[in-house]
Amino acid sequence: MTDGGPPGIDQPGLELVGVHAGYGDTNVLRGVDLAVARGELLVVLGRSGAGKSTLLRVVAGLEPATRGRVRITGRDVTRLRPGRRDVSMVFQSYALFPHLTVADNIGFGLTVRDVPKAEARERIRKAAEAVGCEHLLARRPGQLSGGERQRVALARALVREPDVFLLDEPLSNLDAELRVRTRTELRALHDRVGTTMLHVTHDQTEALVLGDRVAVLRDGRIEQVGTPEEIWRRPATSFVARFVGSPSMNLLPANGPLPVPGVPPSATRQVGVRPEAVRLDDPQGVMATVERVEVVGEDAYLYLRLDGHEIVARVATVGRPESGALVRVTVRPVDAHVFEAATGQRVTEP
Amino acid sequence: MRQRGGDGRGQYALMLAPYLVGLVGLVLLPAGITLALAFTDYDLIGPPVWNGLANLVELAGSDAFRTALANSLVFAVVAVPLRLVIALGLALLLHRRAPGVGTARTSAALPTAVPEVAYGLLWLWLFNPLYGPVNQVLRAGGENGLTVLGRTPPQWLTDPTDARAAIIIMSLFTVGESFIILLAARTALPPEVYELAAIEDATGWDVFRRVTLPLMAPVLGLLLLRDTVLSVQVSFVPALVVTEGGPPPYATTYLSLFVYRTGFEYLRYGYAAAATLVMLVLTGLAVLVQWRLIRRYRRWYGV
């Protein structure tokens with residue numbers, strides 16, 4: 001990455017062109033096009049079964065692409081075996097060797113590539129320092145906590161200084177507190193080493209916090225690629241809109257019960273409104289009944305019945321309406337997202 | 001479960017009874033009697049006569065016993081590691097899903113399921129020096145009944161060394177149990193460690209040496225112990241059925257066959273019991289040594 005701006009794709013670190021993958025009749029990836037700039041951290045976000053892990057494994061060469069090309073720093077690696085692609089991978093289960101010390105685990109890739117011992121020792125020490133596990137080098141995986149194992153797995157991936165760094169849900173086996181801390185450290189680590197990283201997760205917060213850009217994967221296709229802010233502000237499809245954000249974005253027919261100024265009523269379109277954009281303070285608003293209230297700390301989720309539709313509003317817990325109350329609902333035009341109902345595609349300007 | 005004093009204990013005793021009766025009646029009691037008989041002279045007709053260490057002294061001076069002891073040791077030292085290597089090789093070869101692998105697995109396990117005596121009779125035919133398929137194959141391409149290298153094919157049942165080799169060869173095909181255990185152990189290894197090795201471009205040899213072997217070592221150690229104990233028994237039926245302990249004088253008389261002959265053919269039960277005692281002590285020693293080695297390995301690797 002050069003001077004802080006969003007990385008351009010003119011310097012490709014990793015490219016996938018029309019990649020299909022799967023076994024038998026099942027197509028797990030169905031035409032994935034993705035370009036990751038050199039030094040970029042791109043997060044692939046998707047539900048389980050969307051093909052995230054397969055995408056990673058195709059890049060690593062652990063599964064073949066049935067169609068399409070994979071290029072790493074401009075080299076076509078589609079037909080190369082995993083060991084020739086110069087990638088390293090952090091597995092969800094970490095895949096540490098129980099019979100090797102931490103140092104030998106980190107150095108495994110150097111040992112089997114016949115790197116001289118003295119050089120290997122130095123590189124192992126540096127990699128361990130980079131992730132803060134240099135005090136564990138003499139231990140064995142059985143004596144480490146989950147967080148420590150994760151660091152060792154990261155160090156093992158770092159030590160070879162690969163072209164691309166692949167991370168398969170590396171934070172999912174950590175408890176919530178540790179996950180948040182490690183997330184921050186992972187981001188800092190990436191900024192320090194500057195290697196191209198492809199990180200796969202099902203956790204939207206992780207994706208938005210961690211990624212330079214986020215690619216949303218759905219049923220083996222890329223639904224949208226963009227900066228976390230673009231994904232959040234301008235979701236390309238109603239799927240992305242509802243997938244990112246919690247509670248999910250409300251989707252109503254554009255000719256439905258909640259008219260938005262500037263959005264023409266249409267039977268073929270849908271209006272999306274995030275729960276926090278639902279406003280209850282305008283006396284001109286549409287009448288709705290509060291059916292249920294969930295209090296989550298500072299926020300309260302109101303489940304509103306609106307002429308046969310249910311929508312969710314996120315309001316401050318202090319001063320929230322009671323269950324059963326009548327409220328008036330409005331939405332500002334800037335907060336409305338419009339999608340084609342049939343295709344789910346975003347309607348750019350009305 | 002609630003404790004109800006004597007009543008509950010009685011129930012436990014009742015449930016344990018079948019096992020205890022079997023253990024005491026079929027194992028502990030005969031073992032105790034054997035131990036006692038080892039120091040007597042007993043021919044099944046007259047009552048046992050105490051003769052102290054005379055049996056052991058006679059064993060020490062007996063050519064037949066020393067030959068049997070040496071035969072058993074050679075068999076264990078050669079056959080046990082070979083059997084383990086073959087079982088491991090088959091397991092590593094056949095653990096993947098591939099066309100025909102089910103049939104291959106069955107074939108690998110099948111010889112173990114054949115009754116031992118039938119298995120022995122089969123090899124008696126296979127090893128026949130003139131008509132046996134083994135030597136027919138070895139003679140292929142050669143002239144005048146010699147092998148293609150111009151050598152006499154092995155005289156499996158009449159030459160002492162060839163006969164010993166024959167018994168070992170027979171034992172190499174009955175590795176079905178070890179094969180199945182190793183197959184299960186290999187299948188249970190996590191695929192990620194192999195994927196990691198692939199990404200690191202480890203060669204097949206490196207993967208075997210640095211990943212598969214250490215991860216399977218605990219199971220291999222266990223099988224080594226078990227096979228050593230079994231080796232005394234594995235050689236019994238082939239020696240009895242195929243070579244009848246010969247060629248003379250005692251080329252394939254193993255400890256187990258020696259004990260069997262001494263006791264049931266020569267009716268020297270006290271002497272046979274003494275030989276059994278020696279056999280048991282030696283097996284125990286071998287297991288102890290291996291167990292200590294395995295424990296050291298486990299402490300070293302912390303697995």
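Just after helix α12 of chain B, L267(B) takes a positive phi of about 55°; helices here are DSSP runs of H or I with at least four residues, strands are runs of E with at least two, and both are numbered from the N terminus. This is a predicted model, in which local features need pLDDT of at least 70, side-chain atom pairs count only at pLDDT 80 or more, and totals for chains, interfaces and linings use all residues. Residues are numbered from 1 along each chain as its sequence is written, while chains are lettered from A and ligands numbered from 1 in the order in which they are written.

Helix α12(B) itself covers residues 255-265, and its buried residues are L255(B), S256(B), L257(B), F258(B), V259(B), T262(B) and G263(B). Buried means that 20 or more other C-beta atoms, placed from the backbone, lie within 10 Å of the residue's own.

Turning to chain A, an open sheet of 3 strands runs in the order β11-β12-β17 with antiparallel pairing, where two strands pair if DSSP finds at least two bridges between them. Its edge strands, β11 (250-253) and β17 (336-340), each pair on one side only. Strand β12(A), residues 269-273, joins β17(A) in the antiparallel sense over 5 bridges, and Q270(A) stands opposite F339(A) of β17(A).

The two chains also meet: 17 residues of chain B are in contact with 20 residues of chain A, contact being C-beta atoms, placed from the backbone, within 7 Å. On the side of chain B that touches chain A, α9 (191-199) and α10 (204-234) each supply at least two residues, and α9(B) gives the most, with 6 residues.

Note on methods:
Buried ≥ 20, exposed ≤ 12 C-beta atoms within 10 Å, placed from the backbone.
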